[in-house]
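Me: I would like to learn how to read a few features of a model. Please take me through them one at a time.

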Amino acid sequence: MDETSLRAVGWARSLPLNTEVKAARDWAREHLRTLGWTADAPQTVDAVLLTVSELVTNAHTHAHSPAQLVMTWDNRCLHISVHDSSPEVPAPREPSAERVGGRGMLLVDALADAWEARPCPRGKTVTACFRPPARV
């Protein structure tokens, strides 16, 4: 394989509005287990699962939309992508004592090595990337 080639493995799951966020975490955890991350990188797994929770919750709560969750591992970075039907791109907001929520993207920003949100023809996709510890 030459240096311009990319080898990746991925999984996708659709999560209707009535799907509990726990189902998304459990699904993601099982795929992280197949990569060996649950044994070799438990702290990274916790960060990934919290990010999955936040992104799926945002899709259901703020976009009032089903969520399409995609996990892709390219041997350099684990990409967690959630697509929903809202064109509104999220941004971290300053915490406020007056609001109950609004900290999800601050958490994603703190947990992920990088993240981005991109508008799409039918909504947006938010992707967070996680690099594993060297031993994985």
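Me: How many of the 20 residues of H3 are buried?

Reply: Some ground rules come before the count. This is a predicted model, where local features need pLDDT of at least 70, side-chain atom pairs count only at pLDDT 80 or more, and totals for chains, interfaces and linings use all residues. Residues are numbered from 1 along each chain as its sequence is written, and side-chain values use heavy atoms, with hydrogens and water left out. Buried means under 20% relative accessible area, exposed over 50%, partly exposed in between (1.4 Å probe, protein chains only). In H3, 14 of the 20 residues are buried, so the helix is largely enclosed by the rest of the structure.

Me: What span does helix H3 reach from its first C-alpha to its last?

Reply: Helices (H or I, at least four residues) and strands (E, at least two) are DSSP runs, numbered from the N terminus. The expected span of a helix is 1.5 Å times one less than its number of residues. H3 covers residues 42–61 and reaches 28 Å, close to the 28 Å expected.

Me: In what order do the five strands form the sheet?

Reply: Strands of a sheet pair through backbone hydrogen bonds, either parallel or antiparallel. Two strands pair if DSSP finds at least two bridges between them. Here the order is E1-E2-E3-E5-E4, in an open sheet with antiparallel pairing. Strand E1 (9–15) and strand E4 (114–120) are the edges, each pairing on one side only. E1 pairs with strand E2 (residues 67–73) over seven bridges. Arg-13 has Leu-69 in E2 as its bridge partner.

Me: Which aromatic pair does a search of the whole structure find?

Reply: Rings of Phe, Tyr and Trp (its six-membered ring) pair if their centres lie within 6.5 Å; planes under 30 degrees apart count as stacked, over 60 as edge-to-face and the rest as tilted. The search finds one pair. The ring centres of Trp-37 and Trp-73 are 5.3 Å apart and the planes are at 85°, so this pair is edge-to-face. Trp-37 sits in helix H2 (residues 37–40) and Trp-73 in strand E2, 36 residues apart. Both are buried.

Me: How many disulfides does the structure hold?

Reply: A disulfide is a pair of cysteine sulfur atoms within 2.5 Å. The structure holds zero.
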